[in-house]
Amino acid sequence: LALSSCGPDNTDYTEKVVGEYNIKITPNISVKYGNSILPIATEVIETTAVITAKDDDGNVTMQINGVNGEISEMFFEGYCDGLGLKLQDYHYDGIFYSPEYGIIYCDIKIKNPTISIYNSKTLTWNSTITSGTCEVNISGLGGETYTVSGSVLFDAKGK
């Protein structure tokens with residue numbers, strides 16, 4: 001009688017993603033305005049991000065740097081495994097910039113998918129806005145708070 005087993009996979013998935021990135025962020029948001037849904041045009045935001053390892057168990061942090069007048073800083077917690085980089089859902093309390101409406105103040109919850117790390121120099125994901133509000137100056141008389149929906153596309157390229 002012989003027994004055999006497979007040993008643990010010694011691949012260090014964290015090392016595939018740790019590093020600095022140039023990142024483009026494209027908010028795709030709409031607000032409920034009366035009985036209608038109004039899309040809010042936003043600019044593609046170009047900034048930088050850094051992913052660092054927290055420990056030897058695959059846990060990482062991602063810091064996306066803010067750009068004055070366009071976007072606030074974002075901090076994601078996550079972990080890497082054979083399935084990819086899984087970022088935890090995130091509460092964003094910050095701004096986006098719209099060429100039509102100016103600075104939009106948002107308080108939203110973002111649901112992140114698992115990100116493929118097969119090509120670790122490129123990380124692309126689309127996060128869904130699950131709930132929240134944004135203050136937008138639609139009427140020109142001052143900012144009103146509206147329920148928001150949509151998504152945020154992230155496209156990161158390793159430096």
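Okay, let's start with a term: a nonpolar core here is a set of buried Ala, Val, Leu, Ile, Met, Phe, Trp, Tyr and Cys residues joined through side-chain atoms within 4.5 Å, and buried means under 20% relative accessible area, with exposed over 50% and partly exposed in between, using a 1.4 Å probe and protein chains only.

Two housekeeping points. This is a predicted model, where local features need pLDDT of at least 70, side-chain atom pairs count only at pLDDT 80 or more, and totals for chains, interfaces and linings use all residues. Numbering runs from 1 along each chain as its sequence is written, and side-chain values use heavy atoms, leaving out hydrogens and water.

So, the layout: one helix and eleven strands, with the helix at the N-terminal end of the order, α-β-β-β-β-β-β-β-β-β-β-β. Those are DSSP runs, helices being H or I of at least four residues and strands E of at least two, numbered from the N terminus. The C-alpha atoms fill a box of roughly 80 × 35 × 20 Å along the principal axes.

Now the inside. Of the 159 residues, 36% are buried. The largest nonpolar core has 41 residues, and Leu 85, Phe 96 and Leu 123 have the most contacts inside it. Contact means heavy atoms within 4.5 Å.

Last stop, Asn 137: where does Asn 137 sit? In the loop between strand 10 (122-136) and strand 11 (144-158). Asn 137 counts as partly exposed because its relative accessibility is 31%. Beyond four places in sequence, Asn 137 touches Tyr 101, Gly 142 and Gly 143.
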